[in-house]
Amino acid sequence: MTGNETAPAPRKIQALTVSVNYADFLECIAPNVKHFDRWLVVTHESDLRTQEVCRRWGMEVLLSRRLYEGGAAFHKAAALNEGLEVLDKEAWVAVIDSDILLPHDFRERLDAQELLPDCLYGLGGRRICRTLHEFSTLAAAEPWADNLIYTTFVIGYFNLFHLSGERNRYPESVSDDASTYDVVFSDSFPASQRRYLPFVCLHAGDASQNWRGRVTDPFFEDQADGNTRLEDCTAQAAEGLGGSDKTVAQIGCYRGGFTALLARHFRHVTVIDHWGLRMTSPSPAMAVDAVILESRYARETAGLRNITPPLPHSDEALEAIPDGSLDVIWFTAEPEYDFFLTSLPHWLPKLKPGGSIAGGFYEPVLLPGPSRVVELLLGPPDVTWPDFRWARVVMNPQALAEKLMPRPPVEHGGRGVLYAGAGEDDVEALLVSFSSLRRHWQGPVCILSAGEESPSLRLACIRLGVDFRHVPWVSEKYPDHLNLLHALEWSPFAETLYIAAPTLVRSSPEPLFHALQGRDAVFFGAQGRNPLPVETGAFAWRRGSPVIDMLRALATTFLTVSGRRCFESALAGMAEEGTLPVLPPGPVWSGPARRVPPETCIQEMPRLAQAGALHLLPEWEEEEQALIAIMQQPF
Amino acid sequence: MVEVRYRGSFGDNLFQYCFGRLLAERWGHRLSALPLPRFPNTAESVPGRTYLSPLQSWSGLAVEERQLGMLLREREMTTPVRGRLVLYGWFQRWEYYRGHETALRRWLATAPPEEPAAPGDLAFCLRSRRPEAWYEGGMHSGQPPAWKVPAPSMESLCRLAQSTPHDRLILLTDSPLRASGELGDFKPVVKNLDSFASWNWLRTCRRMAITVCHPAEWWAAMLSDAEEIFALDPWPANTRSSCAGPYGCGWMGGRPLGRPELRVHEPRWKYDW
């Protein structure tokens with residue numbers, strides 16, 4: 001079906017929800033009531049608060065007699081079936097959990113979809129909102145496009161099906177709580193009859209917590225808190241940043257009202273289609289939905305002469321905007337690290353010196369995630385509003401753009417030092433080590449972030465002017481050492497000196513490169529109480545070294561017998577067989593700090609320091625303070 | 001813009017890079033991918049149109065395709081995604097790469113091994129670890145089928161070694177003791193090499209036995225000039241899903257629907273041996 005065809009006849013949509021001791025959540029999602037012809041809430045007679053919420057919002061109440069039948073913990077399937085018994089059999093039913101908020105225009109969009117009576121429909125994804133403030137902020141900021149959780153099959157938080165269908169009752173024998181019944185129900189539909197609607201929802205509070213009845217803390221303490229609405233300061237913000245001679249780029253258009261507001265306060269608004277309002281939809285259901293969203297936006301912005309149509313967020317659209325021409329760049333989406341990191345270098349040159357980047361979702365305590373993204377990439381906002389909107393003045397946008405613009409990866413032909421971090425825990429030690437290296441080595445350095453990219457490491461590398469690469473973590477089933485060994489393969493250097501994160505560089509590492517003469521890899525003998533025959537704080541190799549290849553192959557082979565110690569076993573085995581080039585001890589030291597030999601180039605951190613107590617060693621503290629001074633400089 | 005985010009190991013990364021580059025070049029989009037170590041041509045710039053959003057992420061998993069409402073099939077991928085496409089997945093289907101061998105060979109050109117295979121070498125690849133893609137959470141609510149024995153089986157390899165003329169039997173394996181023990185009568189030369197070295201040597205071999213599920217070995221075989229590739233496809237062939245409809249129900253006779261599908265239909269690939 002396409003959006004041009006005749007709209008289907010109106011359908012009756014009933015909602016069914018089980019809510020016991022969930023009145024706080026139910027209160028949050030009660031605005032769903034407008035989507036349904038009737039909403040039946042199944043609860044327990046003892047839950048007076050839920051009954052009160054239902055009364056206020058006009059929901060019907062059914063007191064369950066079977067929820068705890070036979071000593072059940074929380075027999076949700078039985079309670080749902082009690083509800084299904086009393087609903088209209090010739091209509092659709094949307095079974096929704098009592099913590100699911102649907103889009104404000106859910107019904108209009110659902111009515112446009114073709115629904116087949118023998119199918120089970122789920123939602124495309126959900127956004128988990130762990131706090132009330134996150135929930136409230138997002139509830140007022142559709143679309144919910146970021147940080148969604150997808151499921152691999154239609155699960156119970158939202159089920160839409162026709163009650164006249166063959167499968168219209170939940171299986172009761174598979175569990176006596178809120179688990180499993182939905183999976184079994186979903187599986188009872190052939191795959192071709194399990195479908196996803198092209199909408200997403202908000203989930204109030206953590207998911208997967210209260211399987212056997214409510215155990216989590218209240219989402220909010222009392223009704224007043226729950227009804228707290230953020231003051232909408234958008235107009236105030238637009239007025240403060242705008243002016244009759246000012247221009248703005250709005251990155252992300254969904255509701256026309258926001259564009260119209262900007263149009264009132266700015267001379268010209270360049271609108272960018274961040275959410276794909278005009279994107280070709282990959283499926284018929286999405287195409288139908290896109291027609292609704294796009295036509296609504298067109299309707300709500302009709303007659304505005306100082307706005308562009310939604311432009312694709314492409315290099316061509318950006319090229320058409322002269323550099324230094326915008327007073328404000330307004331991001332309407334939730335600040336998200338990857339998107340901001342990618343977009344800012346392209347947009348900043350368009351900003352006038354002293355222009356502003358503006359957005360929403362900034363409140364460091366209540367919304368720590370997006371707030372951190374803003375602070376990491378732009379610094380703390382210069383002005384904030386009570387609805388979490390913010391603006392940051394950028395005095396030199398071009399310079400900031402140049403810093404943030406990713407450099408194309410360069411294959412260095414020569415020698416260089418390589419670090420590898422495997423998560424946020426490594427970052428501090430790694431940067432301190434790098435800081436100490438820079439005192440003795442001005443040659444190329446590359447820092448690898450293996451596995452999940454570490455934003456703080458990338459941004460630190462940008463500040464420090466170091467090549468940063470995000471490389472894969474081969475397997476979650478591998479121990480960290482083995483994954484790191486694989487990560488080293490991504491070194492861009494012909495001759496690489498690897499320095500472990502928790503090390504202090506005390507003198508020039510040149511001697512370690514010199515040791516490669518006549519060899520393709522070099523390790524150094526162990527000292528002190530090191531149980532391994534070699535030190536692992538630093539070692540060097542030439543690209544394509546058979547020694548490192550063999551080490552990697554052996555460590556992988558030993559995985560089945562040595563488990564987490566496979567890397568150590570491979571090292572020991574090769575050292576024993578004499579296939580590992582090991583030079584006398586000296587340049588790399590892992591013994592007591594007070595006995596460091598004078599010839600030591602690389603000193604491994606004592607265990608305490610690795611645990612974060614860097615200040616225990618004066619040299620470390622000095623390096624750390626030097627690094628902090630660099631990191632505190634403005635971007 | 002097509003953006004490749006690698007995951008898994010060497011062989012998986014070859015799929016990811018090549019899939020991304022094929023799409024980028026087909027669509028005239030810019031490719032953003034870290035060059036693969038040891039493959040200098042993967043450092044080539046692939047310029048083209050750049051989109052900063054909307055974000056679309058493909059994992060190459062059937063389940064995700066269900067949510068997108070499309071299958072990542074060759075014909076569906078002719079229309080460019082007018083957005084920022086992030087590839088973070090496996091993309092292990094022969095249909096994506098078939099017909100592009102010339103380009104693939106150029107991208108993946110690398111220095112030949114110091115000691116390439118001799119004309120009379122017969123290589124057996126024995127792997128005890130299951131491919132990383134098999135562990136993919138979210139592929140299905142259930143568990144993937146167990147790989148109970150190293151594939152191919154020793155019995156079938158013994159038969160093959162007896163029936164296939166060769167001067168030297170080479171075993172590429174991560175279980176050297178077991179493999180050399182059971183095939184001892186054939187006096188095999190055991191090579192326990194890392195993934196790249198193993199791949200680089202294998203692609204010079206004229207006869208080999210591999211499992212199609214091992215990503216690096218599949219690539220070596222596919223790009224090689226081998227005359228005979230004795231391939232084991234551990235997924236049962238020609239079984240039908242018990243679930244109706246184009247997407248099946250997740251698993252079909254032990255084969256994950258949608259991914260991977262690496263059975264190559266060429267005369268040199270022999271499955272019945």
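How are α17(A) and α19(A) oriented to each other, roughly parallel or roughly antiparallel? Before we get there, a word on what you're looking at. This is a predicted model, where local features need pLDDT of at least 70, side-chain atom pairs count only at pLDDT 80 or more, and totals for chains, interfaces and linings use all residues. Residues are numbered from 1 along each chain as its sequence is written, chains are lettered from A and ligands numbered from 1 in the order in which they are written, and side-chain values use heavy atoms, leaving out hydrogens and water.

Now back to those helices. Helices (H or I, at least four residues) and strands (E, at least two) are DSSP runs, numbered from the N terminus. Two packed helices are described by the angle between their axes and the distance between the axes. The axes are lines fitted to C-alpha atoms, for helices over the stretch in contact, with angles running from 0 to 180 degrees between N-to-C directions. For helix α17 (residues 480-487) of chain A and helix α19 (residues 546-562) of chain A, the axes come within 10 Å and cross at roughly 155°. α17(A) and α19(A) are therefore roughly antiparallel to each other. The cut-offs go like this: under 35 degrees is roughly parallel, over 145 roughly antiparallel, 65 to 115 roughly perpendicular, and the rest oblique. On the α17(A) side, A:Leu482, A:Leu485 and A:His486 make the contact (heavy atoms within 4.5 Å), and the residues from α19(A) include A:Leu551 and A:Arg552.

Chain B has a helix pair too. Here helix α1 (residues 10-27) of chain B and helix α8 (residues 215-223) of chain B have axes that come within 6 Å and cross at roughly 60°, which makes α1(B) oblique to α8(B). Among the residues in this contact are B:Phe10 and B:Phe15 of α1(B), along with B:Trp218 and B:Trp219 of α8(B).

What about aromatic rings? Rings of Phe, Tyr and Trp (its six-membered ring) pair if their centres lie within 6.5 Å; planes under 30 degrees apart are stacked, over 60 edge-to-face, and the rest tilted. The whole structure has 41 aromatic pairs over all chains. In one of them, A:Phe25 and A:Phe219 have ring centres 4.9 Å apart and planes at 35°, so the pair is tilted. A:Phe25 sits in helix α1 (residues 23-29) of chain A and A:Phe219 in the loop between β8 (194-204) and α7 (223-226) of chain A, so the pair ties together parts that are 194 residues apart in sequence.

Leaving aside residues up to four places away in sequence, A:Asp315 touches B:Gly48, B:Arg49 and B:Thr50.

Next, the backbone. Most residues other than glycine have a negative phi, and most peptide bonds are trans. The bond from A:Glu142 to A:Pro143 is cis, with omega near 5°, and the one from B:Ser53 to B:Pro54 is cis as well, with omega near -5°. A:Phe388 has a positive phi, near 75°.

Finally, how far can you trust chain B? The pLDDT, the predictor's confidence in each residue from 0 to 100, averages 81 in chain B, and 76% of the residues score at least 70. Over residues 137-149 of chain B, the pLDDT is below 50. Where pLDDT is low, the predicted coordinates should not be read in detail.
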